[in-house]
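Biologist: I would like a close look at a single part of this protein, with its surroundings described in order. Please keep to what the model gives.

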Amino acid sequence: TLALLTACSAETEETFYSGFVEANTISLSSETGGLVMTVYPDEGMEIIEGQVLVELNKTEVKFALHQAEEGVNAAKLALEVLQNKPFQSDIDAAFTAIEQAEIQKEQMELYIEMVEDEDIFFGGADFAQMFGTTDTDAALEIADASIALAKSAWVKVVAGPTPEEIVIAEADVAVAEAILELLQTQMTHIDVVAPQAGMVTNVLT
């Protein structure tokens, strides 16, 4: 602010001005904090608006930013894959699991039948090694449960993702993008930048 007072002399017709100048002092510091790499201006140096005054180490922020970018890409890819399901390869794999479960039960039944028909001593240890138990009834129940589970998985694969799964995947993308945006904002504010033109009066290190 500049206030001016004027006075005139009749003899000399000279005009005299008196007044005062009020200057604004602004204290600046980094919004994020960190290791100072470079201090550019010296005391008494004139600066312009937007000029970088103090540069801080960005190594950690850059690394976090890179990870956040990868997180966004991974979340978007997961959502895209989910939206494009079911894939034929997934359907085929689920059907193969049913076939394998049914084959295992058939082998189990064949082994039991062979032992009974030939009146051979039942080799419990061998049966346990093949099917995980010496109890034939329990083994057959487990086999039936495995077949039912494989069929249930096949039905789920064919049906594709549920609306809830899509919502969760979309939420994962939103969270990843929010983290990335936060780090990008942090990156733009990590250095100390002159908010307006002026003169550096004091540098504290």
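Does Lys 58 count as buried or exposed, and at what relative accessibility?

Modeller: The model is predicted. Lys 58 counts as buried, because its relative accessibility is 14% and the cut-off for buried is under 20%. Its place is the loop between strand 5 and helix 1. Leaving aside residues up to four places away in sequence, Lys 58 touches Met 187, Ile 190 and Asp 191.

One of these contacts, Asp 191, is also a salt-bridge partner of Lys 58, with 2.9 Å between the closest N and O atoms. The two residues are 133 apart in the chain, and Asp 191 sits in the loop between helix 5 and strand 6 (192-193). Asp 191 is buried as well, at a relative accessible area of 16%. Shared partners extend the pair into one network of salt bridges made of Glu 55, Lys 58 and Asp 191.

The structure holds five salt bridges. Among them is the one between Lys 76 and Glu 177, where the closest N and O atoms are 3.6 Å apart. Lys 76 belongs to helix 1 and Glu 177 to helix 5, so this bridge ties together parts separated by 101 residues in sequence. Both ends are partly exposed: Lys 76 has a relative accessible area of 42%, and Glu 177 has 35%. Another bridge joins Asp 144 to Lys 105, with the closest N and O atoms 2.4 Å apart. Asp 144 is in helix 4 (residues 136-159) and Lys 105 in helix 2, 39 residues away. Asp 144 counts as partly exposed, at 36% relative accessibility.

On one side of the loop that holds Lys 58 is helix 1, which covers residues 59-84. Its 26 residues should span 38 Å at 1.5 Å a residue, and the end C-alpha atoms are 38 Å apart, so the two values agree. The buried residues in helix 1 are Val 61, Leu 65, Ala 68, Val 72, Ala 75, Leu 79 and Leu 82. Helix 5 (163-189) is included in what covers them. The peptide bond from Lys 85 to Pro 86 is cis, with omega near 5°. Most peptide bonds are trans.

Strand 5 (52-56), helix 1 and helix 5 each supply at least two residues of the largest nonpolar core. This core has 22 residues, and the members that touch the most others are Ile 47, Leu 53, Val 54, Leu 65, Leu 79 and Leu 180. In soluble globular proteins, nonpolar side chains tend to be buried together. Ile 47 has contacts with Pro 41, Leu 53, Ala 194, Gln 196, Ala 197, Gly 198 and Val 200, again not counting residues up to four places away.

Strand 5 also contains Val 52, which is partly exposed because its relative accessible area is 33%. Val 52 forms a nonpolar surface patch with Tyr 40 and Val 193, and together they have about 220 Å² of accessible area.

As for the whole protein, there are five helices and seven strands, in the order β-β-β-β-β-α-α-α-α-α-β-β from the N terminus. Of the contacts between residues at least 6 apart in sequence, 66% join residues at least 24 apart. Buried residues make up 21% of the 205 residues.

Note on methods: Residues numbered from 1 in each chain as written. Predicted model: local features only at pLDDT ≥ 70, side-chain atom pairs only at ≥ 80, totals over all residues. Heavy atoms only, no water. Helix = DSSP H or I, 4+ residues; strand = E, 2+ residues; numbered from the N terminus. Expected span 1.5 Å × (residues − 1). Buried < 20%, exposed > 50% of the residue type's maximum accessible area, 1.4 Å probe, protein only. Contact = heavy atoms within 4.5 Å. Core = buried A, V, L, I, M, F, W, Y, C linked by side-chain atoms within 4.5 Å. Patch = residues over 30% accessible without salt bridge, like charges linked within 9 Å, V, L, I, M, F, W, Y side chains within 5 Å. Areas by Shrake-Rupley, 256 points an atom, 1.4 Å probe, with all protein chains shown as cover. Salt bridge = Lys/Arg side-chain N within 4 Å of Asp/Glu carboxyl O.
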